[in-house]
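Please read these notes with the structure open beside you. They go point by point.

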Amino acid sequence: MTAARTPTLAAAKLVFQRDMTLAWRRWDEVAQPLIFYVVVTTMFPLATTPDLSALREIGGGVVWVAALLASLLALEALFRADVEDGTTEQWVLSGQPLGYLLLAKVAAHWVLTGLPLVIMSPIVGTGLGLPTSAWGVLMSSLLLGTGTLSILGGIGAALTVGVRRGSVLLSLLVLPLAMPLLIFGSRAVAMQMDGDSPAGPLQLLAAIFFMALSLGPIAMSAAIRISVEN
Amino acid sequence: MSWTWFHKLASPPHAYRILGTIAPWFGWASLALILLATWWGLVKAPADYQQGDGFRILYVHAPSAWMSMFAYVVMAVAAGVGLVWRIKLAHAAAAACAPIGASFTFLALATGSIWGKPMWGTWWVWDARLTSELLLLFLYLGYMALRASFDDPQRADRASAVLALVGVINVPIIHYSVNWWSTLHQPASVTKFDKPSIDLAMLIPLFIMIAGFQLYFGWAVSRRLRGEILRRERNANWLKEAA
């Protein structure tokens, strides 16, 4: 190891900035999950009933399911280009802690797909009859939930990076693991609307998020090493 | 302390031979215990005062549910051992556990649903235990799908091992979140029904059945692991000499 090694935080920042720049140049691809999110939530009133008071019953759950599916859709290609052109291989060889670099990449991905979903959710929720009083809980639960999902999905994407038809497989791997997020997130919204305090499920969501944040990079770097080494 | 016995155990020819020796013991013992528990549970144990004879499906349902979790933990431990010490045999053992565990999970779901018909009046209730079993089945299916999607067996081993470890950390979270979700929605009568204070006369055959299922698991894993070893070592010299 030479003394001139870039500090880890600076390296992670470089990875983050690089992904943001790349996304900025292809912003139409970045917008796709967001459009998907809106389209999916539009399907529920059409499939069930346009009655807002009836939609309100399932509104929180529908927003959550659509958000999970939309962020999964975008995760499939997370590592693909970098593994194919050898960038990840250089990261493995760079001597930097791989987990931090991958976490920076996932963070960039979350800013580009998770955060827009969170910001969009009040508008989508209003269409499903959610009252303005539920906006805060909806957004904060999605904020924690999409963050955790990005990390879980990062593990899944790292495992399936060299696999044909990886997108179906990725959903099959990650969705069962994401069920607790769905349960706590949609219940938090429902509890707020029923007049109960949503603090419990929100705290549980935060606990899961921090667990994913601390253990996720380890699993992600192990998975990437497996995909790169062969 | 010498670790030679451990390294010996991890070598395919030794493991193949040892598994061949112990498999029949597991098999016959499990058959004896399962037959004993079947007779005890179906004939000797008293009928339930509320559920009548319908409760007797418990003797298949509860052991399968127990084994479905047990097999997942065994699989994850084997996968972890394989990942850390790079023991191919441990990966083979994890691969052998997955279909058996998935079958137990399916059996627990099917018997739970058959049990639900006379008790709840429907084939399916979104009960906490059934729902967590269903999610466990999804985890097994994901694991097997990931394993099947690699051409290179070593990559399949290691990638699926990471998934098994992530899964085993998540299983308790999934279990408790589903429990919490269920208690918010279900009336208390169901949870009361779920945890009956069970009579000792009904409990003894249940324990015998669980022991029988455990031994069956040992037998099935030994047989499948032998098959895995044969498949993976098909070009090895020791097999040609043995044949």
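Predicted model: local features only at pLDDT ≥ 70, side-chain atom pairs only at ≥ 80, totals over all residues.

1. Local features are described only where pLDDT is at least 70. Side-chain atom pairs count only at pLDDT 80 or more. Totals for chains, interfaces and linings use all residues.

2. **Chain B overall.** Chain B has 9 helices and 0 strands. Its pattern along the sequence is α-α-α-α-α-α-α-α-α. The C-alpha trace of chain B spans about 60 × 40 × 35 Å along its principal axes.

3. **Burial and contacts in chain B.** Chain B has 243 residues, and 37% of them count as buried. Take the contacts in chain B between residues at least 6 apart in sequence. Of these, 79% join residues at least 24 apart.

4. **The contact between the chains.** How many residues does the contact take from chain B, and how many from chain A? Chain B gives 24 residues and chain A gives 20 residues. On the side of chain B that touches chain A, α5 (128-148) and α6 (153-185) of chain B each supply at least two residues. The largest share of that side comes from α6(B), with 14 residues. By class, the side of chain B that touches chain A has 17 nonpolar, 4 polar and 3 charged residues.

5. **The core.** The largest nonpolar core holds 136 residues. Its members include residues of chain A and of chain B. Those that touch the most other members are A:Ala223, B:Met75, B:Ala93, B:Ala94, B:Cys97 and B:Val162. Helix α8 (residues 166-194) of chain A gives the most to this core, 16 residues. In soluble globular proteins, nonpolar side chains tend to be buried together.

6. **B:Ala94 close up.** Which residues does B:Ala94 touch, not counting residues up to four places away in sequence? They are B:Met75, B:Ala78, B:Ala79, B:Gly82, B:Ala161 and B:Ala164. B:Met75 and B:Ala94 are both among the core members with the most contacts to other members.

7. **α3(A) against α6(A).** Helix α3 (residues 52-75) and helix α6 (residues 98-127) of chain A pack at an angle of about 155°. Their axes are 11 Å apart. Angles over 145 degrees count as roughly antiparallel, so α3(A) is roughly antiparallel to α6(A). The crossing of α3(A) and α6(A) is right-handed. From α3(A) come A:Gly59, A:Val63, A:Ala67, A:Ala70, A:Ser71 and A:Ala74. They meet A:Thr113, A:Gly114, A:Leu117, A:Ser121, A:Val124 and A:Gly125 in α6(A). The residues of this contact divide into 6 nonpolar, 6 polar and no charged.

8. **α1(A) against α6(A).** Helix α1 (residues 8-25) of chain A also packs on α6(A): the axes come within 8 Å and cross at roughly 35°. This crossing, too, is right-handed. On α1(A), the residues in contact include A:Val15, A:Phe16, A:Asp19 and A:Met20. Among their partners in α6(A) are A:Tyr100, A:Leu101, A:Lys105 and A:Leu112. By class, the contact of α1(A) with α6(A) has 12 nonpolar, 1 polar and 2 charged residues.

9. **A:Gly136 and A:Val137.** Which of these is buried and which is exposed? A:Gly136 is exposed, because 12 other C-beta atoms lie within 10 Å, and 12 or fewer counts as exposed. A:Val137 is buried, because 23 lie within 10 Å, and 20 or more counts as buried. A:Gly136 is in helix α7 (residues 135-159) of chain A, and A:Val137 lies in helix α7 of chain A as well.

10. **Reach of the two residues.** A:Gly136 and A:Phe79 are 57 residues apart in sequence and 33 Å apart in space, C-alpha to C-alpha. A:Val137 and A:Ser186 are 49 residues apart along the chain, with their C-alpha atoms separated by 9.7 Å. Leaving aside neighbours within four places in sequence, A:Val137 is in contact with A:Ala188, A:Val189, A:Gln192 and A:Pro198.

11. **B:Tyr16.** B:Tyr16 lies in helix α2 (residues 12-44) of chain B. B:Tyr16 is partly exposed, with 19 other C-beta atoms within 10 Å. B:Tyr16 and B:Leu225 are 209 residues apart in sequence, yet 8.1 Å apart in space, C-alpha to C-alpha. Not counting residues up to four places away in sequence, B:Tyr16 touches B:Arg226 and B:Ile229.

Conventions
Residues numbered from 1 in each chain as written. Chains lettered and ligands numbered in written order. Contact = placed C-beta atoms within 7 Å. Helix = DSSP H or I, 4+ residues; strand = E, 2+ residues; numbered from the N terminus. Nonpolar A, V, L, I, M, F, W, Y, C, P; charged D, E, K, R; others polar. Core = buried A, V, L, I, M, F, W, Y, C linked by C-beta atoms within 7 Å. Axes fitted to C-alpha atoms, helices over the stretch in contact; angles between N-to-C directions. Parallel < 35°, antiparallel > 145°, perpendicular 65-115°, else oblique. Left-handed = near helix turned anticlockwise from the far one by under 90°.
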